[in-house]
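Please look through the sequence and the 3D structure shown here, and keep both at hand while you read.

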Amino acid sequence: MKRTRVLYLEVADKIKEDIFSGKYPVGSMLPTESELEELFQVSKITVRKAIELLASDEYVEKKSGRGTTVLSNRPYNRLSKAASFTQILENSRYEVQKETLDLQLVHIKKEEPLFSFFGEQAVCFKRLYYLNNQPYIYFVHYLPQEMMQFSREEF
């Protein structure tokens, strides 16, 4: 293994590649620290730092005395935990409110672009977001007609 970068990052990247390729499927155990040391010809500290990095990105879970289990094989794993823009605002000094303005079943003409997605009918859902009591986003969502079974409050 060439040593032009930080070694534990190289080891973590290689293990991650092996997870993505299916060599270590979700739910399986990674080799032991000793086996990884031998495989990569690195020290125990390097292996541990690589595993810590993978654990912090939620690809693996390390349990003392039990080993390291693969949790995820998605390349953009951390993005699944990302907060929405609204959540970020709510966790700051801003007050965010949502108001459902309209919820109705609409008819779509064949010549309209929405027709290719929804067919003749769709649910039109309009919502207004307020930031510190001032309107800041107006959304119009089109959803499959089956969504009409949900109440306005559920939206």
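A residue is called buried when its relative accessible area is under 20%, exposed when that value is over 50%, and partly exposed in between, with a 1.4 Å probe and only the protein chains taken into account. This is a predicted model, in which local features need a pLDDT of at least 70 and side-chain atom pairs count only at pLDDT 80 or more, while totals for chains, interfaces and linings use all residues. Residues are numbered from 1 along each chain as its sequence is written, and side-chain values use heavy atoms, with hydrogens and water left out.

Asn132 has a positive phi of about 50° although it is not a glycine, and Asn132 counts as partly exposed, at 37% relative accessibility. Its place is the loop between strand S4 (121–131) and strand S5 (134–144), where helices (H or I, at least four residues) and strands (E, at least two) are DSSP runs numbered from the N terminus. Glu58 is not a glycine either, and has a positive phi of about 65°. Glu58 is found in the loop between helix H3 (44–56) and S1, and with a relative accessible area of 29% Glu58 is partly exposed.

Now consider the chain as a whole. There are five helices and five strands in the chain, and read from the N terminus on, these elements run α-α-α-β-β-α-β-α-β-β. Of the 155 residues in the chain, 27% are buried. The chain exposes about 10700 Å², of which carbon and sulfur atoms supply 52%; accessible areas come from the Shrake-Rupley method with a 1.4 Å probe, and for residues only the protein chains shown count as cover. If a contact means heavy atoms within 4.5 Å, then among the contacts in the chain with a separation of 6 or more, 49% are accounted for by residues 24 or more positions apart.

Charged side chains are the next topic. A salt bridge is a side-chain nitrogen of Lys or Arg within 4 Å of a carboxyl oxygen of Asp or Glu, and the structure holds six salt bridges. One of them joins the side chains of Asp18 and Lys14, at 2.9 Å from N to O. Both residues lie in helix H1 (residues 7–21), four residues apart, which is about one turn of the helix. Asp18 is buried, with a relative accessible area of 6%, whereas Lys14 is partly exposed, with a relative accessible area of 33%. Asp18 also forms a salt bridge with Lys23, in which the closest N and O atoms are 4.0 Å apart. When residues up to four places away in sequence are not counted, Asp18 touches Lys23 and Tyr24.

Which residues are linked in a network of salt bridges? They are Glu33, Glu37, Lys44, Arg48 and Lys62. Lys44 forms a salt bridge with Glu37, the closest N and O atoms being 3.0 Å apart, and Lys44 counts as partly exposed at 33% relative accessibility. Glu33 lies in helix H2 and counts as buried, at 16% relative accessibility. Leaving aside residues up to four places away in sequence, Glu33 touches Lys44, Val47, Arg48 and Lys62. Glu33 and Gly67 are 34 residues apart in sequence, and their C-alpha atoms are 8.4 Å apart in space.

Glu33 and Gly67 lead us on to the largest pocket, where they are among the lining residues that lie nearest its centre. Rolling a probe the size of a water molecule over the atoms shows where empty space is left. On a 1 Å grid over the protein atoms alone, a cavity is a set of points where a 1.4 Å probe fits but cannot get out, whereas a pocket is an open set with protein on both sides within 12 Å along at least five of seven lines, and lining residues have an atom within 4 Å of a point. Grid points are joined across faces, edges and corners, and a volume is the space filled by probe spheres set on the points.

About 170 Å³ of space lies in the largest pocket. Its lining is made of 14 residues, of which Thr32, Glu33, Lys62, Gly67 and Thr68 lie nearest its centre. Helix H2 (33–40), strand S1 (60–63) and strand S2 (67–70) are the elements that give two or more residues to this lining.
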